[in-house]
Amino acid sequence: MPDVTASIDIDAPPEVVFAHLVTPEGMVAWLGQHAEVDPAPGGTFAVDISGTPVRGEYVEVDPPHTVVVTWGVAGNEVLPAGSSRVEFRLTPTATGTRLDLTHAGLPEIEQARHAEGWAACLAQLAGAARAA
Amino acid sequence: MTAEPAPLDASLRALADGNRRAILAVVRDGPRPVGEIATEVEMSQQAVSHHLRVLRGAGLVTETRDGTRHLFAVRSDGFSVVRQFVEGFWPERLAALKAAAEAAVARDA
């Protein structure tokens, strides 16, 4: 699935916005109702959003410019914990901060659906290659 | 203006089952009756009916009537459900982040 992007201009300095991406208090102020975070590469990123347990880990933490986390839903086969990737890029502006978000690596349901067909096709190709 | 991840959760749970994904694949090309779907996915009509109820509850299939037959069709596949959710989710959440960050600045001022 193509990346999903979103941007917003915030009348607050990058440091303040950044704090909202790396602290439990900051996270529950806008994203979810409960958060457990360890903002270092490989550290836990866990936020419960309206009963949906979003789970992943921090990939990149570069204050006050960049936060990258992996993102998925615990126990879910379609969007498993850590399976997609959310990047927050902060740029200082005259009035505060420009935030550019990219959500990448979302599932390709089409591919999952045709997985069996592809496997058969590849097996045929492999057979054809051996025969040749 | 409410971000409601609940529908996504329902959709994801519905899609997490391989049998239901197989059923979605069958009804993708047009409305089909339960019996035909059951034959194609090699499951009992009872099991297919159960899965169709879950899929309908998650908003993934619609049910229409053709005389006495009930026909099921794809309303929205998992691909578009996840995409629509994520596309609607982030702008609302970022608006909330903006409000929270600006309130924090106002508090410290």
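Reader: In which sense do E2(B) and strand E3 of chain B pair, and over how many bridges?
Author: E2(B) and strand E3 (residues 69-74) of chain B pair in the antiparallel sense, over six bridges. Two strands count as paired if DSSP finds at least two bridges between them. Helices (H or I, at least four residues) and strands (E, at least two) are DSSP runs, numbered from the N terminus.

Reader: Where do the numbers and letters come from, and what sort of model is this?
Author: Residues are numbered from 1 along each chain as its sequence is written, while chains are lettered from A and ligands numbered from 1 in the order in which they are written. This is a predicted model, in which local features need pLDDT of at least 70 and side-chain atom pairs count only at pLDDT 80 or more, whereas totals for chains, interfaces and linings use all residues.

Reader: Back to chain B, which residue stands opposite B:Arg65?
Author: The residue opposite B:Arg65 is B:His70, in E3(B).

Reader: What is the order of the strands in that sheet?
Author: The order is E1-E3-E2 in chain B, forming an open sheet of three strands with antiparallel pairing. Strand E1 (32-33) and strand E2 (61-66) of chain B are at the edges with a single partner strand each, so each has one side without a neighbour in the sheet.

Reader: Which strands does H2(B) lie across?
Author: H2(B) lies across E1, E2 and E3 of chain B, and runs at about 100° to E3(B). For such angles, axes are lines fitted to C-alpha atoms, for helices over the stretch in contact, and the angle runs from 0 to 180 degrees between N-to-C directions. Two residues are in contact if their C-beta atoms, placed from the backbone, lie within 7 Å.

Reader: Which residues of helix H2 of chain B are buried?
Author: In helix H2 (residues 18-27) of chain B, the buried residues are B:Arg20, B:Arg21, B:Ile23, B:Leu24 and B:Val27. They lie on the same side of H2(B), because they cover an arc of only 160° around the axis. The arc is that of the directions from the helix axis to the C-beta atoms. A residue is buried if 20 or more other C-beta atoms lie within 10 Å of its own, exposed if 12 or fewer, and partly exposed in between.

Reader: Which residues have the most contacts inside the largest nonpolar core?
Author: They are A:Val17 and B:Leu55, in a core of 50 residues. Helix H5 (residues 78-108) of chain B gives the most to this core, namely six residues. A nonpolar core is a set of buried Ala, Val, Leu, Ile, Met, Phe, Trp, Tyr and Cys residues joined through C-beta atoms within 7 Å.

Reader: And what is B:Leu55 in contact with?
Author: Leaving aside neighbours within four places in sequence, B:Leu55 is in contact with B:Ala14, B:Arg20, B:Ile23, B:Leu24, B:Leu60 and B:Val61.

Reader: Changing topic, how many helices and strands does chain A have?
Author: Chain A has four helices and seven strands. Of its 132 residues, 33% are buried.

Reader: Which residues are on the covered face of strand E3 of chain A?
Author: In strand E3 (residues 44-49) of chain A, A:Phe45, A:Val47 and A:Ile49 are on the covered face, and A:Thr44, A:Ala46 and A:Asp48 on the uncovered one. In a regular strand, side chains alternate between the two faces of the sheet.

Reader: How many bridges join E3(A) to strand E2 of chain A, and how many to strand E4?
Author: Four bridges join E3(A) to strand E2 (residues 34-37), and six join E3(A) to strand E4 (residues 52-62). Both pairings are antiparallel. A:Glu36 has A:Ala46 as its bridge partner, and A:Val37 has A:Phe45. On the other pairing, A:Thr44 stands opposite A:Glu57 in E4(A).

Reader: How many residues lie between the strands in each hairpin?
Author: The hairpin of E2(A) and E3(A) has six residues between the strands, and A:Gly42 takes a positive phi near 90° there. The hairpin of E3(A) and E4(A) has two, and A:Ser50 in the turn has a positive phi of about 45°.

Reader: Last one: why does A:Pro92 count as partly exposed?
Author: A:Pro92 counts as partly exposed because it has 13 C-beta neighbours inside 10 Å. A:Pro92 is found in strand E6 (residues 84-92) of chain A. Not counting residues up to four places away in sequence, A:Pro92 touches A:Pro14 and A:Thr97.
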